[in-house]
Amino acid sequence: MVDKPTSPIVVENPWERLNAFTDARIGLGRAGVSLPTSKLLAFQLAHAQAQDAVHTPLDVDALASELTAALDLSEAPIRLHSHAQDRAMYLQRPDYGRRLNDETRECLQQAAASQQRFDLAVVIVDGLSALAVQQNSAPFLSTLYQMLGSDAADWQLAPLTIVEQGRVAIGDEIGALLNAEAVLVMIGERPGLSSPDSLGLYMTWAPQPGLKDDRRNCISNVRPAGLQIEEAARRFFLLLKEARQLKVSGVKLKDRSEDDVLEGDAAPSSIRNFLVAD
Amino acid sequence: MAQTYHTTVGSRSYCFASLAELMAKATPPRSGDRLAGVMAESAEQRVVAQMVLAELPLTTFLNEALIPYEDDEITRLIIDDHNADAFAPISHLTVGDFRNWLLSDHATSEVLAEVKAGITPEMAAAVSKLMRNQDLILVAKKCRVTTAFRNTIGLPGRLATRLQPNHPTDDVTGIAASILDGLLYGSGDAVIGINPATDNVAQSVKLMRLMDEVIQKYQIPTQSCVLTHVTNTLEAIEQGAPVDLVFQSIGGTEATNRSFGFDLSTLAEAEAAAQSLNRGTVGRNVMYFETGQGSSLSADAHHGLDQQTCEARAYAVARKFNPLLVNTVVGFIGPEYLFDGKEITRAGLEDHFCGKLLGVPMGCDVCYTNHAEADQNDMDNLLTLLGVAGCNFIMGIPGSDDIMLNYQTTSFHDALYARRVLGLKAAPEFECWLEEMQIFQDISTHRLNDQLPAAFANSLRHLPQEPRHG
């Protein structure tokens with residue numbers, strides 16, 4: 001004879017409603033000390049989506065037509081490819097992802113043969129999440145192009161480029177080849193379990209191959225459930241104008257758009273929370 | 001003039017141009033060494049290198065520095081702090097003999113504790129390259145490294161956890177929610193440690209105060225840490241912030257640490273500053289270090305060494321400053337350094353072994369990123385192996401998902417799994433607290449309370465009505 005259990009098989013956590021205050025996976029409940037089946041499968045689904053985001057190739061044709069229409073481009077974006085042939089190579093050789101392959105480098109050199117100078121080159125790179133690039137590029141650039149167009153200063157834009165199997169630093173080579181004063185790299189970030197669609201923005205002033213991270217500014221987590229498109233474009237445009245004025249980027253150029261928030265957060269009263277309320 | 005190493009196997013002759021090359025070629029395969037161009041070119045060459053390495057006297061490593069003494073303060077630390085008396089009992093051994101000795105019944109826990117100051121990181125790395133996973137586990141289990149601050153970490157039969165309540169915007173209610181979730185699952189004896197989303201002094205001080213208030217209100221025998229740069233924590237101490245542990249990421253070469261923005265004198269200053277606060281109750285270990293294979297290569301500061309040897313050298317830095325906790329964040333760095341579950345598992349066991357052999361209180365962030373070829377099953381395996389090996393602590397995070405750092409590590413549930421299947425307990429002082437707070441119905445069988453303990457039920461009544469989250 002087996003005793004009928006007095007408590008349920010899956011024990012729910014009485015503090016489950018704390019879920020409303022964070023995206024962290026709290027109050028999951030338990031079977032014994034282990035994850036209940038429903039929570040296990042929810043995790044597996046999120047991990048599967050993140051893995052798919054890493055391994056699904058960018059649909060360059062679809063993105064190029066979408067951008068051409070959304071931005072009213074006279075010429076289709078230039079398609080480029082890094083030295084990493086495929087995803088397996090890309091994941092193991094970051095150095096390959098940072099430079100163009102010979103074929104597309106020549107192609108870009110021909111396109112840039114006019115020696116014309118540009119104020120900004122925008123480089124779209126698949127990075128670790130093609131999903132992020134596919135979903136967020138057109139909305140972001142539509143917003144940014146509007147801001148650039150209505151600015152008092154004139155902004156000459158280099159031809160738009162789309163890179164497959166690329167890492168952030170590949171933008172510096174492309175920016176240099178295009179004779180651009182500044183380069184914006186829009187790249188799919190390493191997917192988190194709850195953020196497979198996060199876009200990163202990197203800006204370099206006076207791009208050239210071989211620059212390190214300290215010469216770039218980064219705006220991260222651009223996605224519908226993260227940093228909103230409008231706000232991301234506003235922050236980037238501020239940075240770009242500052243870079244143009246000071247002729248620097250990276251650690252010498254601080255992102256001042258967040259300063260107010262930081263000071264507000266540092267107020268001593270703001271550590272109050274329900275755990276220490278009385 | 002550095003020595004070269006030659007041998008012949010069958011009709012093929014092999015030559016290794018330096019000790020560094022021999023070490024690298026003898027290393028079990030991993031993507032970071034391939035990226036650095038130092039990996040063995042064939043499976044045979046790897047084993048041949050291991051055979052040559054096995055014949056080398058341990059004293060070789062005292063006479064031939066892998067990074068010149070003049071160029072690197074970590075090399076100087078290793079050589080200058082080497083204890084010849086402690087080394088005496090093993091000074092006649094080759095690397096191969098050293099493996100035999102470590103596995104033998106001569107090498108008891110007491111004997112290993114006596115010789116540790118005579119072992120250099122390079123000796124530990126060399127012998128680990130000849131060892132199978134079970135060897136790494138067996139010897140590590142014999143090495144005991146116990147440390148203390150408000151509780152005691154690393155006692156036999158104990159497995160502690162770092163409660164890691166990270167939040168992408170450092171929202172205090174969100175962080176408090178994760179802390180409560182962790183405490184109610186028995187997590188947090190190693191430390192309650194937050195990686196701040198915004199890395200500056202003001203933000204760090206705010207988070208330190210938050211955790212200090214929680215620890216004081218509930219009288220939790222544990223310590224807190226904000227994982228910000230060591231210089232930020234020094235400034236926080238000057239401002240009078242409640243600093244329990246000082247954090248820093250460390251590497252095994254001077255150039256790595258310079259790229260992280262500190263040197264050994266910074267760490268000495270930080271240890272002294274934190275100790276001067278006298279906030280520990282049962283011990284004075286005030287440093288929390290994180291390491292991980294690949295960091296030196298990533299900083300372009302590896303001097304042609306393989307990544308595991310660089311990593312072992314980081315433990316020389318760690319042991320100089322008497323840390324409470326040293327955490328190898330093994331799978332965080334990504335597949336260009338450790339490609340898949342197999343490489344992550346091997347590296348985790350190597351790091352734990354080398355650290356423990358050198359007398360460092362090793363824990364492990366059993367983890368992976370979404371672009372690595374790894375999943376929860378790989379983490380279950382490594383967690384179980386490290387639990388068997390006597391690992392001091394692991395991470396504890398809600399549902400394995402770090403929503404700030406975007407990677408997966410062990411959950412509160414995972415820690416209870418390990419404690420249950422391996423018969424391990426929390427740190428003794430913390431275990432008493434868990435019992436007093438009625439977080440467990442029966443702590444001896446790891447049976448949690450189905451009801452919300454009274455002290456916390458009261459706190460939940462103070463929840464804000466309007467969630468700020470969203």
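Biologist: What should I know before I look at residue numbers and values?

Modeller: Residues count from 1 along each chain as its sequence is written, and chains are lettered from A, with ligands numbered from 1, in the order in which they are written. The model is predicted, so to speak of local features we need pLDDT of at least 70, side-chain atom pairs count only at pLDDT 80 or more, and totals for chains, interfaces and linings use all residues.

Biologist: What is the mean pLDDT of chain B?

Modeller: The mean is 96, and 98% of the residues of chain B reach 70 or more; pLDDT is the predictor's confidence in each residue, from 0 to 100. The model as a whole scores ipTM 0.95 and pTM 0.93.

Biologist: Why is B:Lys425 called partly exposed?

Modeller: A residue is buried if 20 or more other C-beta atoms lie within 10 Å of its own, exposed if 12 or fewer, and partly exposed in between, with C-beta atoms placed from the backbone. B:Lys425 has 19 such atoms within 10 Å, so it is partly exposed.

Biologist: Where does B:Lys425 lie, and what does it touch?

Modeller: B:Lys425 sits in the loop between α20 and α21 (428-436) of chain B. Helices (H or I, at least four residues) and strands (E, at least two) are DSSP runs, numbered from the N terminus. Not counting residues up to four places away in sequence, B:Lys425 touches B:Gly157, B:Arg158, B:Arg419 and B:Glu431. Being in contact means that the two C-beta atoms, placed from the backbone, lie within 7 Å. B:Pro89, by comparison, is 336 residues from B:Lys425 in sequence and 34 Å away in space, C-alpha to C-alpha.

Biologist: What makes strand β4 of chain A largely enclosed?

Modeller: Six of the eight residues of β4(A) (residues 118-125) are buried, so the rest of the structure largely encloses this strand.

Biologist: How do you know which strands β4(A) pairs with?

Modeller: Two strands pair if DSSP finds at least two bridges between them. Seven bridges join β4(A) to β6(A) (residues 180-188), running parallel, and A:Val123 has A:Val185 as its bridge partner there. Three bridges join β4(A) to β5(A) (residues 161-164), also parallel, with A:Val125 opposite A:Val163.

Biologist: What makes strand β5 of chain B covered on both faces?

Modeller: B:Ala160 and B:Arg162 on one side, and B:Thr161 and B:Leu163 on the other, are all buried. In β5(B) (residues 160-163), B:Leu163 stands opposite B:Gly396 in β12(B) and opposite B:Ile192 in β6(B). Both pairings are parallel: four bridges with β12(B) (residues 393-396), and two with β6(B) (residues 191-194).

Biologist: What makes a set of residues a nonpolar core?

Modeller: The set must consist of buried Ala, Val, Leu, Ile, Met, Phe, Trp, Tyr and Cys residues joined through C-beta atoms within 7 Å. The largest such core here has 153 residues, and those with the most contacts inside it include B:Ala124, B:Ile179 and B:Val366. Helix α11 (residues 172-184) of chain B gives the largest share, eight residues. In soluble globular proteins, nonpolar side chains tend to be buried together.

Biologist: Which residues surround B:Val366?

Modeller: Leaving aside neighbours within four places in sequence, the contacts of B:Val366 include B:Val330, B:Met379, B:Leu386 and B:Ile394. A second, separate core has 59 residues, among them A:Val60 and A:Val163.

Biologist: What do the two chains bring together?

Modeller: In the model, 51 residues of chain B are in contact with 46 residues of chain A. The largest share on the chain B side, 10 residues, comes from α11(B). That side has 21 nonpolar, 20 polar and 10 charged residues, where Ala, Val, Leu, Ile, Met, Phe, Trp, Tyr, Cys and Pro count as nonpolar, Asp, Glu, Lys and Arg as charged, and the others, Gly among them, as polar.
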